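Please keep the structure in view while reading.

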Amino acid sequence: MFDLRPAVYVIGLLVAALGGAMGVPMLIDLYDGNGHGSVFALSAVLTMVCGASLALATANSATSGLTIQQTFFLTTGVWVILPIFGALPFILGATGARPVDAYFEAMSGFTTTGATAFSGLENLPRGLNLWRAMSQWFGGIGIVVVAMAFLPVMRVGGMQFFRSEAFDTFGKVLPRAAEIASRISVIYIILTFVCFVSYRLVGMDTYRAAFHALTTMSTGGFSDSDASFAAFKGLPEYVCTFFMLCSALPYVRYVQLIDGSARPLFDDSQIRAFFGTLLAVVAAMVVYRIWQSSIGGERAFREAAFNIVSIMTGTGYASTDYQLWGPFPVVVFFLIGLVGGCAGSTSCSVKIFRYQILFSTLAAQIRRIHSPNGVFTPRFMGRTVADDVISSVMAFFMLFFLSLAVLAVALGMTGLDPITAISGAATVLANVGPGLGPEIGPSGNFEDINDTAKWLLIAGMLVGRLELMAVFVLFTANFWRG
């Protein structure tokens with residue numbers, strides 16, 4: 001057995017910090033005088049006491065670094081435990097949510113999935129709604145730190161390819177994670193503030209601009225309205241589209257940009273592939289929409305660009321019910337949800353770089369078949385892809401689609417119809433948000449899904465957000481023997 005205490009110590013500190021953050025929505029509700037401030041006060045006290053107790057009980061085991069095993073445990077433990085405390089305001093507050101619904105909402109927030117189990121969002125206290133947005137904002141910055149500091153060291157899903165390029169964290173995970181987090185946090189805060197100001201300039205009030213800035217930059221997709229982003233037509237859609245794209249780019253490029261080097265931002269092949277794929281899909285959808293309906297070109301472009309960017313980046317906003325556009329768009333939206341943005345961003349799903357490595361490997365293999373005596377090596381961003389990266393990426397693809405199939409079957413066994421089961425499994429594993437069908441589609445929510453299915457979906461959100469293998473490795477006997 002290895003020592004869990006260093007990881008528990010970090011988790012305790014994060015839980016205590018989460019309790020302190022509850023003071024913000026508490027002040028909002030106290031200002032509004034809706035009587036809901038006491039809910040956050042009680043939730044904050046319980047959370048801080050529990051977090052401080054965990055940290056104090058394990059403080060003597062705090063070290064300057066974490067082993068690989070402790071890192072795996074910490075990464076998963078954070079995303080399991082924080083939503084437990086993040087769910088307290090939903091259980092104790094105005095929603096009076098059952099534990100499964102409250103944990104579903106909190107897990108959806110911290111994993112930036114954006115699927116909601118609540119309806120009547122417009123009638124919730126502003127502080128409680130803001131807490132939903134804050135959970136996504138915390139989850140967004142958290143996953144960037146994990147993707148840049150932890151996953152490369154853990155050799156998960158091919159992320160080790162980015163270790164030397166971003167930050168060399170091997171052998172000193174915790175100190176370097178703190179350095180990475182501090183630099184990224186500044187960038188994240190600046191981008192969120194600029195997004196907030198932009199929303200204000202195009203007509204949103206201060207509260208809704210702040211709310212949607214938090215959920216846009218995290219590519220989370222929570223809204224304070226059941227209609228999602230449909231309440232903001234025109235310029236807000238363009239603003240949102242721009243900042244969703246910003247959030248889908250590697251944050252290490254922003255660090256390099258601030259350090260005075262803009263070239264890596266333009267030379268990054270995954271950024272070019274991301275925009276190339278996006279432009280092709282948007283162009284096809286605009287042509288299809290103009291051909292199939294009588295709407296104007298500007299509206300066709302705006303709606304197509306907004307909703308495609310939203311789904312492909314995993315944000316999950318919807319400005320219209322795109323299921324009404326016809327069967328072709330429905331298939332397209334399902335598939336682009338399995339693409340994702342760039343590695344080291346707040347976006348989710350498979351990520352564009354894995355498809356690039358997959359296609360490069362397939363191309364090299366085809367050339368070997370054609371010319372057996374030739375030497376062909378897969379390349380990515382001008383560098384040869386190592387065998388361990390290729391194996392890791394292939395294992396990720398196999399595990400992702402195997403998990404998708406198993407989860408879809410399990411959801412179907414709970415009584416969900418095939419479209420809901422398959423799209424529900426895909427949307428939680430890819431952390432997109434809306435599924436397909438009348439129940440969980442862009443105009444619906446997950447409120448009426450049965451409890452067993454909700455627990456399965458919660459598990460899907462967790463493993464999808466943490467790149468699958470980071471969670472599944474905890475269920476192997478060798479991990480705990482080590």
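F193 lies in helix α9, which spans residues 173-201. The model is predicted.

**Nonpolar patch**
- V186, I190, F193, V194, V197 and L201 make a nonpolar surface patch.
- The area of this patch is about 560 Å².
- F193 has a relative accessible area of 53%, so F193 counts as exposed.
- The cut-off for exposed is over 50%.

**Negative patch**
- E122, D226, E447 and D448 form a negative surface patch.
- One of these residues, E447, sits in the loop between α19 (418-429) and α20 (451-465).
- E447 is partly exposed because its relative accessibility is 34%.

**Cysteines**
- How many disulfides does the count come to? The count is 0 disulfides.
- A disulfide is a covalent bond between the sulfur atoms of two cysteines.
- The cut-off used here is a pair of cysteine sulfur atoms within 2.5 Å.
- For C240, the closest cysteine sulfur belongs to C195. The distance is 7.0 Å, so the two sulfurs are too far apart for a bond.
- C240 is buried, because its relative accessible area is 0%.
- For C246, the closest cysteine sulfur is also in C195. Here the distance is 8.7 Å, which is again too far for a bond.
- C246 has 13% relative accessibility and therefore counts as buried.
- The cut-off for buried is under 20% relative accessible area.

How values were computed. Residues numbered from 1 in each chain as written. Predicted model: local features only at pLDDT ≥ 70, side-chain atom pairs only at ≥ 80, totals over all residues. Heavy atoms only, no water. Patch = residues over 30% accessible without salt bridge, like charges linked within 9 Å, V, L, I, M, F, W, Y side chains within 5 Å. Areas by Shrake-Rupley, 256 points an atom, 1.4 Å probe, with all protein chains shown as cover. Salt bridge = Lys/Arg side-chain N within 4 Å of Asp/Glu carboxyl O. Lys, Arg positive; Asp, Glu negative; His and termini not counted. Charge placed at Lys NZ, Arg CZ, Asp CG, Glu CD. Helix = DSSP H or I, 4+ residues; strand = E, 2+ residues; numbered from the N terminus. Buried < 20%, exposed > 50% of the residue type's maximum accessible area, 1.4 Å probe, protein only.
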